[in-house]
Amino acid sequence: MESPSPYHHALTAFLLGFIINLVFSGQAVESPEYALIHQQSDFEIRLYKDISWMSAPVVQATSFQRSTKAGFHRLYQYIHGANLNSTQLAMTAPVLTTITEAPRGSSFSVKMSLPAYYEGTPPQPNSELDLQLEKWRAKCIAIRKFSGFASDDNISEEVEALGTSLNEHWNGTLESKSSYTIAQYNASSHLSGRLNEVWMAVSGFGAEGCSSHGSHDQGHA
């Protein structure tokens, strides 16, 4: 089999460096709006408003890290003009990787929120990118923050820790026990002060938007 070219290695390094060069690059980056509903020392509940995402399903994926890189590569092309209008879209934060576990293996989807200006009628992605528009109705998300680099070696531990905290301090309901999302905010060049989050959709808190919404949106956390 032919070895990857130097260009391939350079592109991979660039994407890994850019992949979450979102919030701390000195430029304002748009993020989905939310209200803080509940806060504990090790987790919080946020109520997110309606959000439109561009989502990249990743098939035949074997890991969180590989899936994130592959999915983000397609999203990067989309926001840099690989759409029917050749429109340049602004970067948003965070980049999400949703993992859905199943007996035959996990499935992965990488997504970015659309800038508010484009939420109603976003540019249609080029067909070869295999991207999907995903719309969330207002929903409550349980969040656990963690530092360092998000990787296949540590995300399961963080997901389990959030589940334990919810069992101890939360009397609501998880929308899905087999699905969770990792949110990433930083460029790989940031070696300290990194921010990642585990997201799990919840209901039953009593706040408007947190009662029962899972059947009304297209997609999940």
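Is W53 buried or exposed? W53 is buried, with a relative accessible area of 0%. I note that the model is predicted.

**Ring pairs**

The structure holds 7 aromatic pairs. I took Y34 and Y48 to begin with. Their ring centres are 5.1 Å apart and their planes stand at 45 degrees, so I logged the pair as tilted. Y34 belongs to strand β1 (residues 34–39) and Y48 to strand β2 (residues 44–48), so this pair ties together parts 14 residues apart in sequence. I checked accessibility for both. Y34 counts as partly exposed at 40%, whereas Y48 counts as buried at 2%.

Then I returned to W53, with W199 as its partner. The ring centres lie 6.5 Å apart and the planes are at 70 degrees. Planes over 60 degrees apart count as edge-to-face, so that is my label for W53 and W199. W53 sits in strand β3 (residues 51–58) and W199 in strand β10 (residues 196–203), so the pair ties together parts 146 residues apart in sequence. W199 is buried, with a relative accessible area of 0%.

**Cluster**

Which residues do ring pairs link into a cluster? I found Y34, Y48, W53, W136 and W199.

**Charges over rings**

I looked for charged groups over these rings. R46 lies over the face of Y34, 4.6 Å from the ring centre. For W136, I found the charged end of K139 over the ring, at 4.3 Å from its centre. Both ring residues, Y34 and W136, are in the cluster.

Terms used
Residues are numbered from 1 along each chain as its sequence is written. This is a predicted model: local features need pLDDT of at least 70, side-chain atom pairs count only at pLDDT 80 or more; totals for chains, interfaces and linings use all residues. Side-chain values use heavy atoms; hydrogens and water are left out. Rings of Phe, Tyr and Trp (its six-membered ring) pair if their centres lie within 6.5 Å; planes under 30 degrees apart count as stacked, over 60 as edge-to-face and the rest as tilted. Helices (H or I, at least four residues) and strands (E, at least two) are DSSP runs, numbered from the N terminus. Buried means under 20% relative accessible area, exposed over 50%, partly exposed in between (1.4 Å probe, protein chains only). A charge sits over a ring if NZ of Lys or CZ of Arg is within 6 Å of the ring centre and within 35 degrees of the ring normal.
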